[in-house]
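Here are my notes on the model, in numbered points. They start with the fold and then turn to the interface.

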Amino acid sequence: MIVAALILLAVSSLLFLARVVIGPTLADRVLALDGLVTCVVASVVAEAARRGSDLTLGVAVVAAFVGFVGASVAARFIEQRGA
Amino acid sequence: MGDTLAGILLLAGAVLAVIGGIGVHKFPDAFTRLHAASKATTLGLLLVVGGAAVVLLPGPGATKLVLVVVFQVLTAPVAAHLVGRAGYDADNLAPRIDTLDELADDRPDGGDGQAP
């Protein structure tokens, strides 16, 4: 069951990645990247549950934080570029 | 019993993540896609963390699981708000709002992206 959840998370990540590639606006790409990071965090947590070990949970914490900082910086960039 | 509960929670979270991914393709513009990308995946992540907590707790990973949840719940709305604001100013998205547009009162050009 956990493996099925991991496969579904991979499918979701691919959908977000497709939106990052096809855009069409920069805001679309940034919000899709934010969702992609959330999916990656969920995948790391699910993998930790599958192995029954908490060694990789630090990766999830850092990825969640970096995802927020990245989205904020990209939003600031879009605002200043003003395209 | 615990493994079944964990599997159900993890599967529900993954299904919500897939729904968010589908929504990002079905919705017509960046503002509506923001809903699918931020809300559905946040609830999905919360369910996945809940499922992992059933497996991993009690144990030393509790702090990190709580940290993941707190970070996500605090930052996802803020990031979505920032991206929505930025998309309003750029990319010519504002003129497609045809109902209430309170941010336009805050902009010198009335929010239409043209010079005043």
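1. Helices here are DSSP runs of H or I with at least four residues, strands are runs of E with at least two, and both are numbered from the N terminus. On that basis chain A runs α-α-α from its N terminus. The count is three helices and zero strands.

2. The model is predicted, so local features need pLDDT of at least 70, side-chain atom pairs count only at pLDDT 80 or more, and totals for chains, interfaces and linings use all residues. Residues are numbered from 1 along each chain as its sequence is written, chains are lettered from A and ligands numbered from 1 in the order in which they are written, and side-chain values use heavy atoms, with hydrogens and water left out.

3. Overall dimensions of chain A: its C-alpha atoms fill a box of roughly 45 × 25 × 10 Å along the principal axes. Of its 83 residues, 48% are buried (under 20% relative accessible area, with exposed over 50% and partly exposed in between; 1.4 Å probe, protein chains only). Contacts mean heavy atoms within 4.5 Å. Among those in chain A with a separation of 6 or more, 51% join residues 24 or more positions apart.

4. Now the interface. Chain A brings 48 residues to the contact and chain B brings 44. The buried area is about 3,800 Å², with 78% from carbon and sulfur atoms; this is the accessible area (1.4 Å probe) that two parts lose on being put together, summed over both. In chain A, Met1(A), Arg19(A) and Leu31(A) lose the most area to chain B, together 15% of what that side buries.

5. Which residues form the salt bridge? Asp28(A) pairs with Arg33(B), their closest N and O atoms being 2.7 Å apart. The rule wants a side-chain nitrogen of Lys or Arg within 4 Å of a carboxyl oxygen of Asp or Glu. It finds one such bridge across the interface of chain A and chain B.

6. On the chain A side, the elements giving two or more residues to the contact with chain B are α1 (2-22), α2 (26-51) and α3 (57-81). The largest share, 15 residues, comes from α2(A).

7. One residue deserves a look: Ser53(A), in the loop between α2 and α3 of chain A. Is Ser53(A) buried or exposed? Ser53(A) counts as buried because its relative accessibility is 17%. A polar atom of the Ser53(A) side chain lies 3.3 Å from the backbone nitrogen of Leu55(A). Leaving aside neighbours within four places in sequence, Ser53(A) is in contact with Ala48(A) and Leu56(B).

Key. A polar contact is a pair of N or O atoms within 3.5 Å; within protein, one must be able to donate a hydrogen and the other to accept it, and residues adjacent in sequence count only if both atoms are side-chain atoms.
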